[in-house]
Each structure stands twice: as structure tokens, then as C-alpha cells.
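Morning, everyone. Have a look at the model first.

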Amino acid sequence: MTESSQTPARLPLDAEAVARITAAVDRGLERTVDTLKDLVSIPGIAWDSFAREPLERSADTVAALVRALGVEDVEVLTEARADGTPGGPAVVGRRAAQPGKPTILLYAHHDVQPVGEESLWETDPFTAVERDGRLYGRGAADDKAGIMVHLAAFQAMLDAGADSGVGVTFFIEGEEEAGSPTFRTFLERHREKLAADVIVVADSGNWKVGVPALTTSLRGLVDGVIGVRVLEHAVHSGMYGGPVLDAPTLLARLIATLHDEEGNVAISGLEQTHHANIEYPEADYRADAAVLDSVRLAGTGPLADRLWNRPALSIIGTDVTRMDVAANTLQPEARAKFSLRLGPGTDPDVAMEAVRAHLESVRDTALFGAEVIFEPGETGLPFATDTSAAPAQMMLASLRTSFGAEPVESGIGGSIPFTADLVEVFPEATLLITGVEDPDSRAHSANESLHLGDFRHAVLAEALLLAAAGL
């Protein structure tokens with residue numbers, strides 16, 4: 001495994017200051033974990049199918065915690081969605097920078113995913129339970145731990161007498177798990193409140209337990225619906241079957257054209273522009289993704305690039321006749337929803353048109369001239385950061401000091417679409433993506449959990465960053 005590509009930077013803090021900050025983090029850790037448990041107990045879900053009251057209670061609770069730090073300028077703010085309904089409540093708390101000092105914006109989100117099938121949970125999802133050094137519960141890792149990293153780091157800096165005068169803005173979003181529908185509007189309306197030199201997004205993860213990571217790239221995303229139509233209506237399969245292939249069969253043929261024989265995405269125009277400097281062992285990937293022993297991994301090239309820098313296309317849903325109601329008929333239409341992850345450097349609009357062009361290119365061959373269905377969906381820009389920038393080097397140094405291990409500059413195969421909004425609205429700011437998750441955290445799944453040792457390290461790393469940033 002290759003770690004940071006940069007010459008290791010040093011923190012502008014002496015050993016005594018580091019020791020004071022470390023002691024302050026440790027003194028407050030039990031209280032910090034208890035507060036995190038309280039946050040986990042609030043089922044704040046920003047989906048329309050869930051009650052709004054817990055979401056608002058979650059925001060009010062976070063606002064009170066920010067005020068308890070001595071931050072006086074704290075608001076709970078909401079923007080309207082396109083249909084006029086309110087978006088998720090966000091907490092914004094600001095402490096102004098001293099003259100000549102930078103401002104750091106600390107982002108996390110207080111809303112959580114639904115629990116899914118509750119029978120799969122070993123404990124109550126909204127009752128935080130400690131077991132074997134981990135804290136279990138919905139939001140324990142994603143992303144209420146991110147909130148507490150920010151709050152506890154700021155408190156530790158103050159308690160250690162290491163306040164360097166940096167400005168700090170807390171921005172705790174309330175609708176991230178619902179796709180951040182009002183995020184861009186929120187940024188533009190409150191641009192002055194949120195302006196910062198450095199933005200720390202605590203919503204990612206580490207390489208593995210005990211090994212920190214700074215997320216340096218994210219894949220972009222386009223999705224939509226593809227499908228085929230072959231008949232005006234369903235007809236008897238015995239009377240008419242043979243000369244025409246039914247829609248589900250042609251849909252299967254269409255889906256098969258999306259990858260080549262090696263499993264690489266076969267849509268032209270999605271070239272790779274970035275390359276990983278990390279070796280991701282296949283055994284680790286198989287264990288992390290729970291791949292069956294018999295399954296051969298798809299694609300060619302380094303595994304890290306296949307995960308982070310090359311396109312990846314999945315079919316995440318289909319509309320075909322259910323087996324329990326299936327009649328002996330030729331189905332006229334079948335549709336599938338695709339999700340296409342894009343490597344850094346790929347324009348989502350170009351990628352969407354590439355999908356459209358691919359469908360047309362295989363229509364007369366693989367699809368026997370069937371009518372093609374294409375409904376573009378959502379898009380999200382990929383992200384890449386320059387780790388040679390001073391704030392990134394300071395973050396890497398803070399992680400190195402707090403974890404006692406060399407940090408990894410890690411890509412992530414997933415997408416965080418709002419990062420593109422942050423970059424576009426605040427182009428002069430340096431965006432740093434950190435987090436507390438590890439391969440066993442199971443964010444969005446049953447039995448989500450947080451490694452408490454890594455949580456402590458993450459708090460310390462951010463406290464060191466805040467103390468050093470103003471020096």
C-alpha cells in the first residue's frame with residue numbers, strides 16, 4: 001500500500017501544545033460519547049414519508065450544543081424546495097476570525113437514513129449500545145459522529161488554551177440523506193455566512209481501523225431509466241412467440257451491452273483521467289464487500305482505479321412483470337434504472353449523452369430495432385483535491401499525529417454530490433473530506449457502528465488542525 005505522495009508536513013505546534021490538546025480530548029471523551037448517544041436516540045429522517053418533528057428536534061438539539069460551546073451566533077435555517085415545501089433544517093453557528101486569521105467551516109449532517117428491515121438489527125437502532133469497542137446505532141457513524149468530532153475538537157482546543165483565533169463556522173445540514181434538495185439554494189442564499197478559507201467535510205471514512213485517510217477523490221454520478229418497447233400491447237406467447245423477442249429478453253440483451261467480456265464499462269467517451277497511488281489488496285476488497293469466493297472480479301487495471309477512477313455501471317432496479325402474476329404473454333415493454341459512477345475529470349452531461357448514444361448504437365444489432373427508452377435522471381460532479389495545498393498538508397500532519405500512523409490519500413468510489421456545490425460556490429476555499437467510518441461501519445445498513453478508538457483519534461486530529469491553522 002502506498003501512503004501520502006507528499007513529503008510529510010509538520011504541525012506548527014510544539015510537543016507541549018500537542019500534549020495539552022490530547023489531554024483535553026481525553027478528559028472530555030466520555031462526555032462526548034454520551035452526547036453522541038443522545039443524538040443517536042433522535043430519529044431525524046428527512047424523507048417525506050417520515051414525521052418531521054424528530055428532524056426539527058434533532059436540529060434544535062444540535063443548535064443547543066453549538067451554543068453550549070460559547071458560540072453566540074447560532075441559527076436554525078430552512079430553505080424551500082422546488083415544490084414550496086420546506087427542506088431539512090440546518091444549523092449554522094459562527095465565531096468570527098481574529099484579524100488576519102483564516103476561517104474554517106466544519107460540515108456534517110444530523111439527518112440519518114431510515115433503519116430498513118428492523119429485524120436485521122441486533123439492537124434497537126435508536127438506542128446507542130457500546131460493544132467490543134464500537135458504538136452501535138443509526139447515525140452513530142453516519143453522520144452524528146461527524147457532528148461530535150467538530151464540537152469536541154472545538155471544545156478541546158478551548159480547554160487546552162490552544163485557541164489560535166481562527167474563525168469557525170459550524171454548518172450541520174439536515175437533509176443530506178434525502179439528496180440535499182435545497183443545498184445549492186441554501187449555499188447561495190447564505191453565502192456570506194458560510195464563506196471560509198477551508199471547508200472540512202466530516203462525512204467519509206478511514207482506510208481501515210487504526211489507519212487514517214484523507215479522501216482526495218470522489219466519483220461523479222449519472223442515473224436514469226433505460227428500456228425497450230416491442231409491441232403496442234401484450235400478446236399470447238403461444239400464438240405469436242418466436243418471430244419477435246419479448247421486452248424482458250431484449251432488456252437483458254441491452255443490459256449485456258453495457259459491459260465488455262472483462263466487465264469493463266463498454267460505453268465510449270468515459271475515459272479515465274486520474275490514477276490511484278494506492279494498492280488495494282484483492283483479499284481486502286473481497287472481505288470488505290462480502291464477495292463470494294466463486295466470483296471473479298470484473299474489469300481490468302489496478303483495483304484502486306477500478307474503484308475510484310474508472311466508470312462503474314450498475315442496474316439498481318427493473319420494471320418487469322412479477323412472477324406471481326405472470327401470464328403466458330409476450331411483454332411489450334421493460335425498463336431498468338441504471339446508476340453510473342464517473343471518475344474524476346468526467347463531465348456528467350457528457351456521460352449522460354454517451355449513454356444515450358450507446359443505446360442508439362446497439363438498437364439495430366442487439367435489440368433487433370426495438371424502440372429504445374431513455375429517461376435521463378440525476379447528475380453529480382466528481383471531485384478531486386490537490387493534497388499539496390497547505391491546508392491539506394496540515395490535515396495530513398494532524399491525522400499522522402493523532403493516529404500515530406501514516407495517513408492514506410484515498411479515493412472513494414461513491415459520490416457526495418454536494419461537494420461540487422461547495423467547490424462552485426466557494427472556489428477559493430480548500431475542501432478537505434475526512435470522516436470516522438471504517439470498512440466495518442455499515443453505514444446505511446443494519447447494525448451501523450462506530451469504532452470508538454478511531455473516533456477519539458478523529459477528534460484529536462481536528463482539534464490539532466484548529467489549533468495549528470491560525471499559527
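What is the volume of the largest cavity? About 110 Å³. Keep in mind that this is a predicted model.

Now the secondary structure. Four elements each give at least two residues to this lining: strand β7, 198–205; helix α11, 390–403; strand β17, 430–437; and helix α13, 452–469. By class, the lining has 10 nonpolar residues, 3 polar and 1 charged.

On to the second largest cavity. Its volume is about 50 Å³. Here is the lining: E79, G88, A90, F171, E173, G174, E175, T182, F183 and F186. Two elements supply two or more of these residues, namely β6, 167–173, and α4, 183–189. How does this lining split by class, nonpolar, polar and charged? It has 4 nonpolar, 3 polar and 3 charged residues.

Hold on to two names from that lining, F171 and F186. They take us to the aromatic side chains. The model has 12 aromatic pairs in total. Take the pair of F171 and F186. The ring centres are 5.4 Å apart. The planes meet at 10°, and planes under 30 degrees apart count as stacked, so this pair is stacked.

What does the pair tie together? F171 sits in strand β6 and F186 in helix α4, so the contact links parts that are 15 residues apart in sequence. Recall that β6 and α4 are the elements giving two or more residues to the lining of the second largest cavity.

F171 comes out at 1%, so F171 is buried. F186 comes out at 4%, so F186 is buried too.

The pair also belongs to a cluster. Y107, F171, F183, F186 and F418 form one aromatic cluster. Among its members, F171, F183 and F186 also line the second largest cavity.

Where does the charged end of R131 sit? Over the ring of Y136, 4.1 Å from the ring centre.

That's my tour. Over to you for comments.

Terms used:
Residues numbered from 1 in each chain as written. Predicted model: local features only at pLDDT ≥ 70, side-chain atom pairs only at ≥ 80, totals over all residues. Heavy atoms only, no water. 1 Å grid on protein atoms, 1.4 Å probe; cavity = no way out; pocket = protein on both sides within 12 Å on 5 of 7 lines; lining within 4 Å. Points joined across faces, edges and corners; volume = space filled by probe spheres on them. Nonpolar A, V, L, I, M, F, W, Y, C, P; charged D, E, K, R; others polar. Phe/Tyr/Trp six-rings, centres within 6.5 Å; stacked < 30°, edge-to-face > 60°. Buried < 20%, exposed > 50% of the residue type's maximum accessible area, 1.4 Å probe, protein only. Lys NZ or Arg CZ within 6 Å of the ring centre and 35° of its normal.
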